[in-house]
Structures are given as C-alpha cells and as structure tokens.
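Okay, thanks for making time, everyone.

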Amino acid sequence: MKINVLTLFPEMFTPLQTSMLGRGLEDNKWQLNLVNFRDFTSDVHHHVDDTPYGGGAGMVLQILPIKKALDSLPSKGRVIITAPQGHKFNQNLAQKWSTEEELTFICGHYEGFDQRVYDLADEVVSIGDYVLTGGELPTMSMIDATVRLLPGILGNAASPVEESFSHGLLEYPQYTRPEDFNGEKVPPVLISGNHQKIADWRHKEALRATYLQRPDMLENYELNAEEQKMLAEIKEEEN
Ligand code: ADE
C-alpha cells in the first residue's frame, strides 16, 4: 500500500517510521510519501494561507498549493481530509482502507481550509469530538490503525483478528509472570491447561469488559444463545 500525506510538517511523521511500521517500510510492505504543500507556492514568502473573505480572525488555508501538490502525485487513490467535522474514524474504516492500494491524506494546520478544498477529497474523517492544532496526529493515528492490518506488519499474524473491536467485543484480560503480584493472583483457569475452559473464560471476560466499559457496543452486537447466558451470569455477578 502506498500512502501520500500532504502536510506543512513532514518532520512530525517519525512515529510512523519507528517500530513495527518502520520495519514494514524498510521491508517495502508499505510506502510513505510525505509532501510539503508549501513547496507548491509561487510567492516569495511561500504563503499557504490568507485572510478570510468577509473578515474575521485567523487565516484560511488556500486551495492552490494543496491542489498543485495533489496534482503532482502520479496517482492518489482514496483522498482523505482529516477534520473535526468529518465522520468518525473506527476499526471498520481502518479495515476498509487496509484493502486499498493507495491513500492520500491532506492535513490542515492551525486554521481551517478554504471550503473548496473539501471538494478535492473523497472523505472527511475525524478521530473524535475534540479539536487538535492540526491534522498530522489524526492522520498518523489513522495510518497506524490501517497499516498494522496489512499482511506481514505485525509479528503475530493472528493478533489483529483477536483484538478489541475486530469482532464487536473488547479484548479479554491477559496475564503473564508473576503468577502472584502482591496477592493479586492470575485467574486459576489460565494455568489449568484446559484449552476449552480457557477459551470459554476469555469469551465471557471479553463480554464482561464490553458490558462494563463499553455497553454501547453491545447495542449493535448480536448475542448468540451461549453469550446471552454468559451475559445474564455477568449481570448477576456484577450486581
Ligand atoms: N484536525 C483537528 N482536530 C481533528 C480531529 N479531531 N480529527 C481529525 N482531524 C482534526
């Protein structure tokens, strides 16, 4: 997968070139093309913004440098603008994007875009109901969530399938040594060696975590008969 990012701050993108994603870049499992749209200005001062028509405080990012930067790409794939007014990013969208051959993100900074910039994008996406100083951190979050789903990025190929959100429930709790930490013991079933019991326990605890921490997720989740029984037990145990 190739990912282009149009940004005024390409130097911010080191986190994506570190750890698992960094190794993925080295192994050519994905490509990252950072484009500074300030390079596509024609005035001496390389301005990318201007005062808003109609007056008011602040500056507005101009369409021309962004359009020229976009047109300089040999191909673009799906074009995404990150902005607080977009629809909300989630695991489903990461999964969908991970099947694309190419993605292009446009990051704003400090100020808003000229409204006509939105016409250049296929999608406007937000990471949550809060405002950041720029689209760089949201873009990095979205790229991380997407790229880690590509084949060969994570060490353990099974892990993205089992994790939170991928099957509609949060993840079950995990433990490793020591078996006893200041009297807080690892649940005995996990050291029982009984694989069926361990799988059942994990399933129920995933359901419990979701019920306690994200009950809203259960509204869209179809419980099978076994899960209905588990949930009834959980409610009893928690009351
Ligand atoms: N840019 C600034 N805030 C943002 C947010 N919450 N989501 C996406 N892009 C943004």
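This is a predicted model: local features need pLDDT of at least 70, side-chain atom pairs count only at pLDDT 80 or more; totals for chains, interfaces and linings use all residues.

Residues are numbered from 1 along each chain as its sequence is written, and side-chain values use heavy atoms, leaving out hydrogens and water.

So, the ligand. Around it you'll find T82, A83, P84, V125, S126, I127, G128, Y130, V131, L132, G134 and P138, where "around" means a heavy atom within 4 Å. What kinds of residues are in that shell? There are 8 nonpolar, 4 polar and no charged. For that count, Ala, Val, Leu, Ile, Met, Phe, Trp, Tyr, Cys and Pro are nonpolar, Asp, Glu, Lys and Arg are charged, and the others, Gly among them, are polar.

Two strands, β5 (78–88) and β8 (123–126), each give at least two shell residues, and β5 has the largest share, with 3. Strands here are DSSP E runs of at least two residues, and helices are H or I runs of at least four, numbered from the N terminus.

Now the backbone. A polar backbone atom of A83 is 3.2 Å from a ligand nitrogen. For I127, a polar backbone atom is 3.0 Å from a nitrogen of the ligand, and L132 has a backbone N or O atom 3.0 Å from a ligand nitrogen. The protein covers 96% of the 260 Å² of accessible area the ligand has on its own (Shrake-Rupley, 1.4 Å probe).

The ligand takes up the second largest pocket. A pocket, on a 1 Å grid over the protein atoms alone, is an open set of points where a 1.4 Å probe fits, with protein on both sides within 12 Å along at least five of seven lines; lining residues have an atom within 4 Å of a point.

And the largest one? Helices α3 (91–97) and α7 (215–218) each give two or more lining residues. The lining splits into 3 nonpolar, 7 polar and 2 charged.

R177 and P178 are joined by a cis peptide bond, omega about 5 degrees, and P178 sits in the loop between α5 (159–162) and β9 (180–181). H46 isn't a glycine, yet has a positive phi of about 55 degrees; look for H46 in the loop between β2 (31–36) and β3 (49–50).

Methods
A polar contact is a pair of N or O atoms within 3.5 Å; within protein, one must be able to donate a hydrogen and the other to accept it, and residues adjacent in sequence count only if both atoms are side-chain atoms. A molecule sits in a cavity or pocket if more than half of its atoms lie within 2 Å of its grid points.
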